[in-house]
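Please view the sequence and the structure together before reading on.

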Amino acid sequence: MKTIEVVKEKTSSKIQLINKRVLLAKRPKGLPDESTWKLEELPVPELKVGEALIQTEYISLDPAMRGWIRDAKSYLPPVPLGEPMRAAIVGKVIKSKNPNMKVGEYYTGLSSAQQYVVTDGNGLFKIDPNMAPLTTYLSVMGMPGITAYFGLLRIGKPKAGETVLVSGAAGAVGSVVGQIAKIKGCHVIGIAGGKEKCDYIINQLGFDGAIDYKNEDILARLEELCPKGIDVYYDNVGGEILDHALTRLNRNARIVICGAISQYNKKPKGPDNYYMILAARAKMEGFVVIDYFSESATARRDMGQWMMEGKLRSKEYVVEGIENFHEAFLRLFSGKKLGKLVLKVT
Ligand SMILES: NC(=O)c1ccc[n+]([C@@H]2O[C@H](COP(=O)([O-])OP(=O)(O)OC[C@H]3O[C@@H](n4cnc5c(N)ncnc54)[C@H](OP(=O)(O)O)[C@@H]3O)[C@@H](O)[C@H]2O)c1
């Protein structure tokens, strides 16, 4: 972040940890620029009884962040101006006055973008760093994986032999959706930007086909790759791709409205072909992963099992340094990353 303003507070004579944190400085219009954020440095406060200090190791960068900084009604309140940016993290307890959180333990959950987090543990849960790489807990074993699992299985309800189409297919959610659909015996087609991503989802993740939406005729390719039509469309991007998918729906198809990343930085436009839902007697349903958090252990158990069996892969794209928060954030929208985007802090 070039235009950051660094706030330094004078500390007392004893050595104190300094916390770098990313604040929301401004509500952006369109694609956020660097002035959206402010990097602040200030001493880590003393812990009160019941609190623990977590040293953040990784911060998750998610398209949902764009929604959280908009001053509009949504499933979570907007991040207040001047406050640390909401973010999922994974980190280690380095000090504790909370009997339930021991020094050396690792935690993950929805928190904020800072090097050190003072917490009472609310919203965080303990993880085992020996079970999987830490970044996996922000990816397949974290919020994106749980989103893919419940969105596909509870809303999409795929049956063996059906055709599942997923957009944002090389991203954190889409890559898991496609792999679970394969595990369930479906014919799976992914939509992604560029040859490298299309090759990746076919050759590494086992998709049956891929459409490069940046370089190919989407409609022609849908006809070719989904000859029997589409039974489940898992939509991560909205816009033109959603419109094209609607033209190939089978009777009683299910459309999972998970996200609309193509619309997040502009005034959103609805699908022109919405009446295809009528003709197909299809169902289009939105969902929010937080409604399933109480059941996340089920998703983690199944996905952990599939990972051990080699049926499910997790891939993370790591950018280093909290100072690079903005540069990393932009990659969500430029597509300059493969897999789950995370920021390495320590
Ligand atoms: N409902 C929920 O509870 C929930 C929870 C988590 C995520 N989500 C949503 O799910 C979607 C995927 O999230 P994610 O975590 O998988 O993010 P991600 O890892 O950043 O993946 C999103 C993918 O979308 C593609 N993309 C970006 N701009 C695009 C555009 N204009 N048109 C088409 N594709 C575009 C990018 O790849 P390309 O290079 O292929 O363009 C990127 O890989 C997002 O819309 C997010 O908001 C919803």
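In helix H6, the buried residues are Gly239, Ile241, Leu242, Asp243, His244, Ala245 and Leu246; buried means under 20% relative accessible area, exposed over 50%, and partly exposed in between (1.4 Å probe, protein chains only). Helices (H or I, at least four residues) and strands (E, at least two) are DSSP runs, numbered from the N terminus. The model is predicted: local features need pLDDT of at least 70 and side-chain atom pairs count only at pLDDT 80 or more, while totals for chains, interfaces and linings use all residues. Residues are numbered from 1 along each chain as its sequence is written, and side-chain values use heavy atoms, with hydrogens and water left out.

**Enclosed helices**
- Helix H6 spans residues 239-246, and seven of its eight residues are buried, so the rest of the structure largely encloses it.
- Helix H2 (residues 143-156) is likewise largely enclosed by the rest of the structure, because 11 of its 14 residues are buried.
- Among the buried residues of H2 are Pro144, Ile146, Tyr149, Phe150, Leu152 and Ile155, together with the glycines Gly145, Gly151 and Gly156.

**The loop residue Ala169**
- Ala169 lies in the loop that runs between strand S8 (163-167) and helix H3 (172-183).
- The relative accessibility of Ala169 is 0%, so this residue counts as buried.
- Leaving aside residues up to four places away in sequence, Ala169 touches Gly174, Ser175, Gly190, Ile191, Ile201 and Phe207, where contact means heavy atoms within 4.5 Å.
- Between Ala169 and Val237 there are 68 residues in sequence and 9.9 Å in space, C-alpha to C-alpha.

**The chain as a whole**
- The secondary structure comprises nine helices and 15 strands.
- The chain is as compact as a globular protein of its length, because its radius of gyration of 21 Å is close to the 20 Å that the globule rule gives for 346 residues; the radius is taken over C-alpha atoms, and the rule is 2.2 Å times the number of residues to the power 0.38.
- Along the principal axes, the C-alpha atoms fill a box of roughly 70 × 45 × 35 Å.
- Of the 346 residues, 53% count as buried.
- Of the contacts between residues at least 6 apart in sequence, 67% join residues at least 24 apart.
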